[in-house]
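User: I have a structure open that I have not seen before. Can you walk me through it?

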Amino acid sequence: KLAILLFECYPFIPPVSRQATYSSLLRLILGVSNDVAVLKAFLTRVVYQGVIRTCSHPVVIGVGDGTAALAVEDLSREKTASYKDYIDLWSYLMDPSEIKGLCL
């Protein structure tokens, strides 16, 4: 449940702390990798829930070169999460060199 909570809160985690988030998720995955059945169940649930949380945010319409964005469902001044906030997280989790770095 902690991994799913990290996906839920990821867009609101300060950029300074995101590296710790990446490595924590990978270490958690590596920690359960000793038992294939547990790893399969864990990855199935976390990836499924992660995709749901990634795609469940309002659509963001970019303006111009992407420096300004408007959330269709939320016109307030508060930070609105979008799927774009998750690109770094998914890229990190899918990068084989990061996984190899933690295994060494």
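User: Where does Ala81 lie?
Analyst: Ala81 is in the loop between strand 2 (68-71) and helix 4. One note before going on: this is a predicted model.

User: Is Ala81 buried or exposed?
Analyst: Ala81 has a relative accessible area of 4%. The cut-off for buried is under 20%, so Ala81 counts as buried.

User: What is Ala81 in contact with, leaving aside its neighbours within four places in sequence?
Analyst: Pro11, Phe12, His57 and Pro58. For Pro58, the C-alpha atom is separated from that of Ala81 by 7.5 Å, and the two residues are 23 residues apart along the chain.

User: Now the start of the chain. Which residues of helix 1 are buried?
Analyst: Helix 1 covers residues 2-9, and Ala3, Ile4 and Phe7 are buried in it. Seen down the helix axis, the buried residues fall within an arc of 100°, so they line one face of helix 1.

User: And what covers them?
Analyst: The cover over the buried residues of helix 1 includes helix 2 (18-31), helix 3 (36-55) and helix 4 (87-93).

User: How many aromatic pairs does a search of the whole structure find?
Analyst: The search finds four aromatic pairs. One of them is formed by Phe7 and Trp90, with 5.2 Å centre to centre and 40° between the planes, which is a tilted arrangement. Phe7 belongs to helix 1 and Trp90 to helix 4, so this pair ties together parts that are 83 residues apart in sequence. Phe7 and Trp90 are both buried.

User: What about Tyr10 and Tyr22, how far apart are the ring centres?
Analyst: The ring centres of Tyr10 and Tyr22 are 6.1 Å apart, and the planes are at 35°, so that pair is tilted. Tyr10 is in the loop between helix 1 and helix 2, while Tyr22 is in helix 2, twelve residues apart.

User: Why do those two count as buried?
Analyst: Because of their relative accessibility: Tyr10 is at 0%, and Tyr22 is at 9%. Buried means under 20%.

User: Which aromatic cluster holds Tyr10?
Analyst: Tyr10, Tyr22, Tyr86 and Tyr92 form one aromatic cluster.

User: What else does Tyr10 touch?
Analyst: Not counting residues up to four places away in sequence, Tyr10 touches Arg18, Thr21, Tyr22, Asp85, Tyr86, Asp88 and Leu89. The charged end of Arg18 sits over the ring of Tyr10, 4.5 Å from the ring centre.

User: How many residues has the largest nonpolar core?
Analyst: That core has 14 residues. Those with the most contacts inside the core are Phe7, Tyr10, Leu25, Tyr86, Leu89 and Leu93.

User: Which elements give two or more residues to this core?
Analyst: Helix 1, helix 2, helix 3 and helix 4. Helix 4 gives the most, with four residues.

User: Last topic. Where is Gln49, and is it buried or exposed?
Analyst: Gln49 is in helix 3. Its relative accessibility is 19%, so Gln49 counts as buried, given that the cut-off is under 20%.

User: What does its side chain join to?
Analyst: The side chains of Gln49 and Arg53 are joined by a polar contact of 2.3 Å.

Conventions
Residues are numbered from 1 along each chain as its sequence is written. This is a predicted model: local features need pLDDT of at least 70, side-chain atom pairs count only at pLDDT 80 or more; totals for chains, interfaces and linings use all residues. Side-chain values use heavy atoms; hydrogens and water are left out. Buried means under 20% relative accessible area, exposed over 50%, partly exposed in between (1.4 Å probe, protein chains only). The arc is that of the directions from the helix axis to the C-beta atoms. Contact means heavy atoms within 4.5 Å. Rings of Phe, Tyr and Trp (its six-membered ring) pair if their centres lie within 6.5 Å; planes under 30 degrees apart count as stacked, over 60 as edge-to-face and the rest as tilted. A charge sits over a ring if NZ of Lys or CZ of Arg is within 6 Å of the ring centre and within 35 degrees of the ring normal. A polar contact is a pair of N or O atoms within 3.5 Å; within protein, one must be able to donate a hydrogen and the other to accept it, and residues adjacent in sequence count only if both atoms are side-chain atoms. A nonpolar core is a set of buried Ala, Val, Leu, Ile, Met, Phe, Trp, Tyr and Cys residues joined through side-chain atoms within 4.5 Å.
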